[in-house]
Amino acid sequence: MRAVILQPMYLPWMGYFGLIDIADVFVFYDDVQFVKRSWHQRNKIKMPNGNWIWLTVPVIQNPDKKININEVMINNSIKWAEKHWKSIKHAYTKAPFFKDYAPIFEEIYKKEWTYLSNLNIALIEKISDLLGLKNDKKFIYSSELKVEGKKTDRLINILTKIGADEYISGPTAKAYIDSNKFKEAGITLYWYEFNHPTYPQLYGDFIPFMSVIDLLFNVGENALNYIRKGSKNALILEGGT
């Protein structure tokens, strides 16, 4: 069984959904430390002037206190949802498939969310559904597994608890993952190196690494084909040639 463990991000890029696509089980790593002004709370969209902007969800956080992602509360005293939806409409109202998906996203932005992780996971699961991924995927919250350990040990403990024998990680984790521990646990480790494809995109030169909604609004039902194009030959076996 092949598993992916990833922190819940806000409106993630297409490579995030490439990992969901190739996983048998996808674990939302929601009980690890929140990083302010990271992908946990923001992402990029492309505007009609050809440039991109950040969409950032404001949060309530004591700067002197470390807090896990699933504990972060949204600052709803700021009308962020209204602003985000207005920006998304301005950016994509002329996109070929915006009208097909707009009511779905508008409904999400009309709801008042208390916790950032709940918002992020709701968006990820809904987008997965729109991409045709959700029906055959098993989504799990790490916070519900009650697993101990730190860094590599905790990842392995999660994988052991869910019965996974293959783990796929993004390449940036090479800095802190101890690959030898995966061998000792009998778990095959793969690195996922997504090759970002170009796709039809409004407003000038193509800009990669936008939120996946840029892909979805521009190419519609063909979005998963582009994601799989980027995932082709993306799995690199640890220690392989």
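**View 1. The largest nonpolar core of this predicted model has 83 residues.** A nonpolar core is a set of buried Ala, Val, Leu, Ile, Met, Phe, Trp, Tyr and Cys residues joined through side-chain atoms within 4.5 Å, where buried means under 20% relative accessible area, exposed means over 50% and partly exposed lies in between (1.4 Å probe, protein chains only). Phe17 and Ile88 are the residues with the most contacts inside this core, and helix H4 (residues 116-131) gives the most to it, with seven residues. Helices (H or I, at least four residues) and strands (E, at least two) are DSSP runs, numbered from the N terminus. When neighbours within four places in sequence are left aside, isoleucine 88 is in contact (heavy atoms within 4.5 Å) with Ile45, Leu55, Thr93, Phe98, Tyr109, Ile213 and Phe217.

**View 2. Glutamate 166 and arginine 2 form a salt bridge.** The term stands for a side-chain nitrogen of Lys or Arg within 4 Å of a carboxyl oxygen of Asp or Glu, and a search of the whole structure finds six of them. In this pair, the closest N and O atoms are 2.9 Å apart. Because glutamate 166 lies in strand S8 (residues 166-169) and arginine 2 in strand S1 (residues 2-6), the pair ties together parts that are 164 residues apart in sequence.

**View 3. Aspartate 31 forms a salt bridge with arginine 154.** The closest N and O atoms are 2.6 Å apart, and the pair links distant parts of the chain, with aspartate 31 in the loop between strand S2 (25-28) and strand S3 (42-46) and arginine 154 in helix H5 (residues 151-162), 123 residues apart. Aspartate 31 counts as buried at 16% relative accessibility, and arginine 154 is buried with a relative accessible area of 9%.

**View 4. Leucine 11 has a positive phi, in a residue other than glycine.** This angle is near 45°, and leucine 11 lies in the loop between S1 and helix H1 (14-22), where leucine 11 is buried, with a relative accessible area of 1%.

**View 5. Arginine 37 has a positive phi, in a residue other than glycine.** Here phi is near 60°, and arginine 37, which lies in the loop between S2 and S3, counts as exposed at 51% relative accessibility.

**Notes to the views.** Residues are numbered from 1 along each chain as its sequence is written, and side-chain values use heavy atoms, with hydrogens and water left out. In this predicted model, local features need pLDDT of at least 70 and side-chain atom pairs count only at pLDDT 80 or more, whereas totals for chains, interfaces and linings use all residues.
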